[in-house]
Amino acid sequence: MDPTEFWEQHYEKATSESSGRPTAVLEKFVTDRTSGAALELGCGKGDDAVWLAKNGWAVTAIDISATAMGYARANAVRNGVLEKITFDQRDLMTDFPTGSFALVTAQFLESPVVFARNSIINRASRLVAPGGLLLATSHGSVPSGSWEKPDKCYPKPKEALENLSLDLREWTQICVDNLERFAKGPNGEEGMVIDTVIALERKG
Ligand SMILES: C[S@@+](CC[C@H](N)C(=O)[O-])C[C@H]1O[C@@H](n2cnc3c(N)ncnc32)[C@H](O)[C@@H]1O
C-alpha cells in the first residue's frame, strides 16, 4: 500500500485526541539540554513538537500525513506555540529536509508499509550540529496499543545502533539501551513496555 494512503487512513480513523504528554524518552534526554533548533521526524499528533516548543525549541515537525499535521497544528494552537513550530508535510522516503539542528528526534518512526527507517535516520543524523543530539526510539516490545497481537523479535539496542550504519567515531554514546516504561492499553489494561533508545551526541 502507498505510505501516504496508509497513514492518511490511519489518522482519518483516529480522532485528534492525544495524550498531551511528550514521549518519555524525549522528556528524559532533552529536559536538561540547551534549547535550539529541533527537527522531529514523524510528529504524528504533535505532542512532542508542542512540548519542545513550550521548552524553548524552534521546531520543524515533519509527517507524511496531512490529517496528522492538521491535528498537530490544532494541538500547537491550543497550547499557544504555533509560531514556534514549522509544520512540514513530506514523505521522508522521497523528499528530505535540509538544515542544521541541535536536536534530531525520531520517536517510534516506524511503519508497517514500505519504509527505510534506518537509512532515513542515518540521513537525518547528518543534520545534527556539533554538540547536538540524535535521539531515535523504537519499540523493544509489542506496543501497548497492540497487546492483543503476538509479540515478535525486536533488535537489541546494539543491533539497532549497528542497523543505522553510522560512523561511531563521530558520536558520543549517551544511551544505547532498552528502557522499561509503564503503559496503559486501549482498554485500560496496564503493563510494562520496552523502548529501545539510541541517544548519540555529535562530537564537536
Ligand atoms: C508510529 S507513528 C509515531 C508518531 C509519533 N512520533 C509518536 O510517537 O506518537 C509514525 C509516524 O511516522 C509518520 N510517517 C510514516 N512514514 C512516513 C514517511 N515516509 N515520511 C514522513 N512521515 C512518515 C506517520 O504518519 C506517523 O505519524
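Q: What does right-handed mean for a crossover between two strands?

A: A crossover is right-handed if, with the strands pointing away from the viewer, the path from the first strand over the helix to the second runs clockwise. In this predicted model, strand β1 (residues 37-41), helix α3 (residues 47-54) and strand β2 (residues 58-63) form a right-handed β-α-β unit.

Q: In what sense do β1 and β2 pair, and over how many bridges?

A: The two strands, β1 and β2, are paired in the parallel sense over 5 bridges, and within this pairing Leu 39 has Thr 60 of β2 as its bridge partner. Strand β1 also pairs with strand β4 (residues 101-107), again in the parallel sense, over 3 bridges, where Glu 40 stands opposite Thr 105.

Q: Is β1 buried or exposed?

A: Residues count as buried when their relative accessible area is under 20%. Of the 5 residues of β1, 4 are buried, so this strand is largely enclosed by the rest of the structure.

Q: Which residues have the most contacts inside the largest nonpolar core?

A: A nonpolar core is a set of buried nonpolar residues joined through side-chain atoms within 4.5 Å. The largest one here has 26 residues, and those with the most contacts inside it include Phe 29, Leu 52, Val 59 and Leu 103. Several elements each supply at least two residues, among them α3, β2 and β3 (85-89), while α3 gives the most, with 5 residues.

Q: Which residues does Val 59 touch, leaving aside those up to four places away in sequence?

A: Val 59 touches Ala 38, Ala 49, Leu 52, Ala 53, Lys 84, Ile 85 and Thr 86.

Notes. Residues are numbered from 1 along each chain as its sequence is written. This is a predicted model: local features need pLDDT of at least 70, side-chain atom pairs count only at pLDDT 80 or more; totals for chains, interfaces and linings use all residues. Side-chain values use heavy atoms; hydrogens and water are left out. Buried means under 20% relative accessible area, exposed over 50%, partly exposed in between (1.4 Å probe, protein chains only). Two strands pair if DSSP finds at least two bridges between them. Contact means heavy atoms within 4.5 Å.
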